[in-house]
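Hi there,

Here is the structure I promised to pass on. Have a look at it first, and then read my notes below.

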Amino acid sequence: MQALIQQVLNALQLGSVYALIALGYTMVYGIITLINFAHGDIFMVSTYVAFFVGTALMSRLLHLPGIVVFVLTMLAAMFATALLAVLIERFAYKPLRQAPRVSAVITALGVGLFLENFTLATIGPDPRFLPKFFPVQTLTVGGVAFSNVQIIIIAVSAVVMLLLDTVVRRTMVGMAMRAVSWDKFTAPLMGVPVDRIISITFAIGASIAAIGGTLFGMVYTVDPYMGIRIGWWAFISAVVGGIGNIRGAMIGGYILGFVEIFTPVILPASTYRDFVAFSLLLVLLIFRPYGILGRPVAQKV
Amino acid sequence: MKRFSLLIGLLIVMGLLVTACKPKGPETIKIGLNAELTGGVPVVGASCKNAAELAVEEVNNAGGLEVGGKKYKIELLIEDNEDKAESAAAAAQKLNAAGVLLMIGPNASRNAIPAAEVAEANKMPMISPWSTNPKTTIDAATGQPKKYVMRACFIDDFQGVVAAKFAITELGSKKPAVLYDVASEYNKGIAEIFKRTMEENGIQVVAFETYTTGDKDFSAQLTKIIQAGADVLFLPNYYTEVPLQVQQAHKLGFTGVIFGSDSWGAKELIDLCGADCEGYFFTTHYAADIATPKAQAFIKAYEAKYGKTPDDVAALTYDSFGLAFQAIQAAGKIDREAVNQALHNVSRYEGVTGVLQFKGTGDPVKSAVVLQIKGGKFVYYTTAQP
């Protein structure tokens with residue numbers, strides 16, 4: 001029983017990160033029906049921004065309290081990553097908006113490769129840890145160990161997702177986003193600034209990935225290729241939940257977190273993780289191609 | 001006028017003949033280096049490259065290598081294998097095409113095994129400094145030793161046995177656990193031999209957990225290990241992943257001793273792991289603090305050139321070059337077959353990492369050391385004889 005609760009906690013921690021990244025995939029798809037394969041690498045860049053800003057702020061000269069540094073680092077990562085995503089959209093995707101869908105997808109893959117290799121060439125391949133913003137404390141309650149960092153990851157992710165859900169459902173920007181995703185030809189006729197809304201969507205998606213990246217960097221190492229595997233898992237999360245659907249991406253993220261943790265618990269080896277995750281995707285695509293919360297659309301890629 | 005041009009023509013022809021007959025300038029010996037410069041273990045590639053350049057520079061500064069009464073300069077050709085099996089094989093092919101006399105590297109077994117296939121097929125002598133998996137020098141199809149592949153380090157069998165015996169005698173382990181990368185030959189090889197040795201000594205491994213290269217979350221497996229009541233944890237994994245595994249084990253409440261293999265031996269392990277790895281052990285090839293005069297000279301030269309202490313990869317790469325130079329001189333000519341024969345006939349080579357002996361195969365007989373991480377440094381703990 002303790003082991004089970006422990007594994008559930010482990011799965012929630014991982015699932016939170018997947019959910020945060022899956023949101024970026026799903027939002028961009030929702031608004032311009034583009035699978036932004038560079039998103040995993042945008043996430044990677046965000047962890048590097050967090051690494052450099054965090055390391056600089058933690059220097060002995062400033063004497064800032066850990067929690068302040070943590071918040072500042074996260075804000076810096078969010079801002080820088082949002083800017084990067086908007087620039088990518090403006091220069092790589094926007095010129096292709098009228099081009100065949102495949103061209104944009106290939107461009108996205110290219111942008112991802114560019115980000116990976118640019119990071120590799122300029123920063124180098126060594127893995128790094130973010131500085132410790134606050135001492136890690138492990139608490140054991142009834143045989144279940146959990147750390148303060150783990151609680152922060154799960155809690156911050158939950159708050160961010162609630163906030164995003166509110167923004168999309170309750171604000172003017174959210175309404176405009178839904179309008180563009182609903183009908184991008186009629187929306188501008190109603191006075192919705194489509195280009196600006198698309199930019200805002202990219203910025204929000206990237207800054208949520210940056211929140212995920214900062215949280216991720218607190219417990220895992222940062223390296224130039226980290227975006228590939230996590231990007232794929234988050235992409236599956238988005239598809240499983242129903243790509244284009246924000247609540248679906250959140251649910252999908254947690255499902256994939258549970259798949260990753262519980263595969264080695266139930267099956268003899270963790271080697272089956274990717275096998276189980278991709279099988280889940282295949283089975284789902286056969287029986288429910290639009291995902292758990294997605295709606296069937298007549299238009300096809 | 002006609003006669004004049006004839007004369008000029010004659011002169012030109014003669015001039016050409018003279019230059020053709022002139023003795024050639026000092027030729028070079030091309031040696032290839034197949035290293036992990038980028039990818040999962042970049043520090044390994046950097047150390048390998050540094051030591052290779054140092055070894056070649058020393059010979060060239062002394063006027064070159066004397067073979068059959070003539071001095072040859074060494075030309076080092078460096079290829080990056082990106083720490084990928086397919087790139088390692090491609091790099092080996094590229095070096096072969098460039099006409100190298102022999103190839104040093106790759107280092108990680110996952111790269112050395114495919115590269116060894118290429119070396120064997122092209123009859124190109126290869127010395128891997130750091131690959132400890134038995135399959136590097138053994139032909140998988142026939143079970144016979146490969147003819148052109150050697151290494152400068154001991155093999156996983158030996159390291160797995162040393163680690164298991166260390167856990168029993170020094171750590172007093174009754175319930176050992178292992179977490180290893182099932183997608184990497186090196187990790188898998190050592191883990192399996194560790195388990196077998198434990199069982200031969202009547203001790204059951206309570207948890208034998210796996211992951212795949214690139215994973216960053218090990219909480220599921222570590223939770224299983226802790227639930228199984230493990231008293232020690234063996235992590236025969238690369239320095240890039242070990243800090244994550246150790247930190248996650250601590251966060252989940254693991255309190256036993258953690259130990260590993262020679263893949264821990266990079267300074268970056270301490271940088272990444274910090275206090276979490278303090279007091280832990282690993283088996284490896286040499287200890288900088290008990291080095292012989294030859295090793296001291298190498299350590300000094302390396303520190304002077306690169307400003308840091310050489311790790312085991314650097315020491316083994318340096319030894320691979322030393323071994324190659326000795327064999328080329330013994331062969332007496334610049335010929336792959338002759339050099340390969342001479343390499344296999346090396347009965348004793350005193351290197352930086354100890355005395356190497358070859359007994360008919362490409363695997364040397366040499367001792368291992370156990371190091372402890374103490375105060376942010378690798379400190380000699382004990383020696384294990386073959």
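Let me start with two helices: α8(A) and α10(A) are roughly parallel to each other, because their angle falls under the 35 degrees that this term requires. Helix α8 (residues 226-241) of chain A and helix α10 (residues 273-287) of chain A pack at about 25 degrees, with axes 10 Å apart; axes are lines fitted to C-alpha atoms over the stretch in contact, and angles run from 0 to 180 degrees between N-to-C directions.

A word on the source: this is a predicted model, where local features need pLDDT of at least 70 and side-chain atom pairs count only at pLDDT 80 or more, while totals for chains, interfaces and linings use all residues. Residues are numbered from 1 along each chain as its sequence is written, and chains are lettered from A and ligands numbered from 1 in the order in which they are written.

Which residues of α8(A) meet α10(A)? They are Trp233(A), Ile236(A), Val239(A) and Val240(A), and their partners in α10(A) are Ala277(A), Leu280(A), Leu281(A) and Leu284(A). Contact here means C-beta atoms, placed from the backbone, within 7 Å.

Now the whole chain. Chain A has 10 helices and two strands, counted as DSSP runs (helices H or I, at least four residues; strands E, at least two) and numbered from the N terminus. Their order from the N terminus is α-α-α-α-β-β-α-α-α-α-α-α. The C-alpha trace of chain A spans about 55 × 50 × 40 Å along its principal axes. Among contacts in chain A with a separation of 6 or more, 77% join residues 24 or more positions apart.

Enjoy exploring!

How values were computed: Parallel < 35°, antiparallel > 145°, perpendicular 65-115°, else oblique. Contact = placed C-beta atoms within 7 Å.
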